[in-house]
Amino acid sequence: MTDPLPGDIFQVGQVLNNTYEIEGILGRGGTGEVYRARNQISDRIVALKALNAQFSGNEDYLELMKREEQMRNIIHDAVVRYSDNSRTDQGHVFLVMDFVDGPSMNDLLERGGMEPRDLLIIAHRVAEGLAVTHRNHIVHRDLSPDNIILRNGDPEQAVIIDFGIAKDNSVGAKTIVGNEFAGKYEYAAPEQMEGKAEARSDLYSLGALLLAGFRGQIPFQGTTPGEIVRRKDKPLDSDGVPEPLRGLIDWLAAPALEDRPRDADEVVDRLNQILKTKRARSPSRKREPTSAEGRGRALKWIGGLVLIGAVGAGIFFSDVLRDVFTKPLQVVEPYTLSASLAPSGDVTLEGYAPDEETRLTLRDAFAGAAGAAPGPDAIELADGMPRPDWAEAVEALIEELGQLEDWSLDITNDAASVEGLAKDIATRDAMRDVLDQTAGAVGLTLQHSLVAGPRLLETTVLEQALRGLQTCGPLQRSPAEGDGYPLGANITITGQVAAQEDAQAIEDALKQIIGDRALRVDTVTLNPDLCAVRSTLPGTTSGALSIWLGYGDTNEANLSGIYNAGDIPVAEVHVPATVTNGSLWVMVVDNTNRVFHVLPHQNRLEHDLADIGETSDGIRRVRVLHSAEEWREDNTRFATRIGTGSYGKSEVIAIHSDKPLFGIRRPRDESIASIVDALNEVVAAGEIKIYAIASRLIDARP
């Protein structure tokens, strides 16, 4: 317990309402404190939640306390029991509830990850508690590890606490805290970001806290509101979580409401099957022999005596005695089968079959789908098959899995779940339909979670696709991780396009090859003149070359490149001072079908990098667009003012090459067609090595 402070609401030894003796403080918050107390009449230990004086007179907070106290009508071992709501003579309102002695899940989370089986047991217990509260139209809205207490540290005694912001979703109910967001971002369901909460929102939170419990850390959901909302639209990262815990988490925390369980009762049913399955495979869960089996043992003993006295009749009795002496098969419930093909190529198969012929049939079906045979003891013989055609149904489902790159299958009685990787989106979508149709035809209920590959999208594949999609010069991709982009990666495409519809065409085309990865196409639409020049330039990176833009009247930097009527743009080409070799050519592609050569041009022939610009702070700065004052000092310099007839996008393009870009002197300005032809000749000849190309857009607006 926390040591008391002079400013605490209550002090140790203080007796409230002649009943509750304060024994210590359990925690402090912004609006109040929680104390351990003893009922002097019954000797029962309770927890008291007390509001600070300034909040004890606030109607909204009082309504929240009354709402929480109304939970006393819900009686279940997995839900904290509330018993009273009272006020001291000093005006402090306090709430009386059961004292749950034990660590919270958050305490265990901070010590490292929890065992998967303990988490399954906690999930079962919490789901039972939620089923009760949801039936009473109460949504918790803040289910998180710190609100799950393990009484005496036992997962089987998990208790849900703190219904302080619970929402009554019954018809006509008044929600005190309104429909705004309530809860913790890391565990809240996507719909809670929009102020909406329902019973399935608590199920999402349960999935998120189970993942946190396994990993031993809070799920990262971003640092800004926008990033949090975007992440909530994607499944939680459950890679590395073993089954069946992973499947449970993915099911509970599905971003879409319709993909989650219908209600908490369905979660309880699934966990009943999972936990029973685990127990059924434990030697301690083998059943006792039936009376028929006992009679079989007696017959075996008697038969032994008969054989001692009648050896000559052994051949006659051999077939009959083989049936009598055969050990009866173990009866299991539920009847299960698990199979997988890992990305590494490793295969696993375990489960039950009623006879040797069925076992061989299932092994063959698995070998056909996985491309490899399982171990010799992959399937045990056992009675308890849920229906006569169960094995045929399982076989039909296994056979369809051969179209997946890797997969896992879990079947419990007539409920099946499949996870897997398809080679692409088309195959994934087709497999979803095939699996649904097959399961429906053979009478299995099916849940599937299929991912579209490839597992690693190689950069060469993406670059080849981008080359075929560019309409206004090269398109750029966000950096990859090593040789490519893993599943779940974010890919951003930037560059220029010739028309607005080109961006959508790029997105549609790339979605067919990137699989389950997030894609953002962030392009700028340029006019046809700019695109004609851009499409001619080779796909060279800017390297150490860059272009700085500023305002002519103040010489301040213009980071956006946007200029208004009357502004005078100035521009500089920046190169590290250590780079002194080669030639620099700079042009401005206007939006009036003209190209202006600003370095070199007929009045300024300098182009050798070592002879132009000024060097300071390790940077060579070559001014190519000048202010009005600079132009008045030397009218051979190039200067321009944004006028009413020049609105639109222009581009400053700088090219660093090993020798002069053009073998002849170019005019001050020329047409787009003329410069495109000249650039095509330079590129086709291949005699000039281009080190780098840099460009900046000048966006002239009214």
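Predicted model: local features only at pLDDT ≥ 70, side-chain atom pairs only at ≥ 80, totals over all residues.
Reader: Why are helices α11 and α12 called roughly parallel?

Author: The angle between α11 (residues 356-370) and α12 (residues 390-400) is about 10 degrees. Angles under 35 degrees count as roughly parallel, and therefore α11 and α12 are described that way. Their axes lie 8 Å apart.

Reader: Which residues make the contact of α11 with α12, and what kinds are they?

Author: From α11 come Thr358, Thr361, Leu362, Ala365, Phe366 and Ala369, and they meet Ala391, Val394, Glu395, Ile398 and Glu399 of α12. By kind, 7 are nonpolar, 2 polar and 2 charged.

Reader: What makes arginine 135 and aspartate 265 a salt bridge?

Author: The distance from N to O between the two side chains is 3.0 Å. The cut-off is 4 Å between a side-chain nitrogen of Lys or Arg and a carboxyl oxygen of Asp or Glu, so the pair qualifies. Arginine 135 belongs to helix α4 and aspartate 265 to helix α8, 130 residues apart, and the pair links distant parts of the chain.

Reader: Why is aspartate 265 called partly exposed?

Author: Its relative accessibility is 34%. Buried means under 20% and exposed over 50%, with partly exposed in between, so aspartate 265 falls in the middle class.

Reader: How do you know that lysine 511 and glutamate 507 are separated by about one helical turn?

Author: Both are in helix α15 (residues 500-514), 4 residues apart, which gives that spacing.

Reader: What distance is found for arginine 637 and aspartate 634?

Author: Here N to O is 4.0 Å, and the side chains meet in a salt bridge. Arginine 637 has 25% relative accessibility and counts as partly exposed; aspartate 634, at 27%, counts as partly exposed too.

Reader: How many salt bridges does the rule give, and which residues are linked in a network?

Author: The count comes to 31. Glu21, Glu23, Arg36, Arg38 and Asp43 are linked in a network of salt bridges.

Reader: Which residues have the most contacts inside the largest nonpolar core?

Author: They are Ile148, Leu210 and Leu248, in a core of 58 residues. Helix α4 gives the largest share, 10 residues. Leucine 248 touches several residues beyond four places away in sequence, including Leu120, Ala123 and Leu210. Apart from this core lies another, of 36 residues, with Leu404 and Leu450 among them.

Note on methods: Residues numbered from 1 in each chain as written. Heavy atoms only, no water. Axes fitted to C-alpha atoms, helices over the stretch in contact; angles between N-to-C directions. Helix = DSSP H or I, 4+ residues; strand = E, 2+ residues; numbered from the N terminus. Parallel < 35°, antiparallel > 145°, perpendicular 65-115°, else oblique. Contact = heavy atoms within 4.5 Å. Nonpolar A, V, L, I, M, F, W, Y, C, P; charged D, E, K, R; others polar. Core = buried A, V, L, I, M, F, W, Y, C linked by side-chain atoms within 4.5 Å. Buried < 20%, exposed > 50% of the residue type's maximum accessible area, 1.4 Å probe, protein only.
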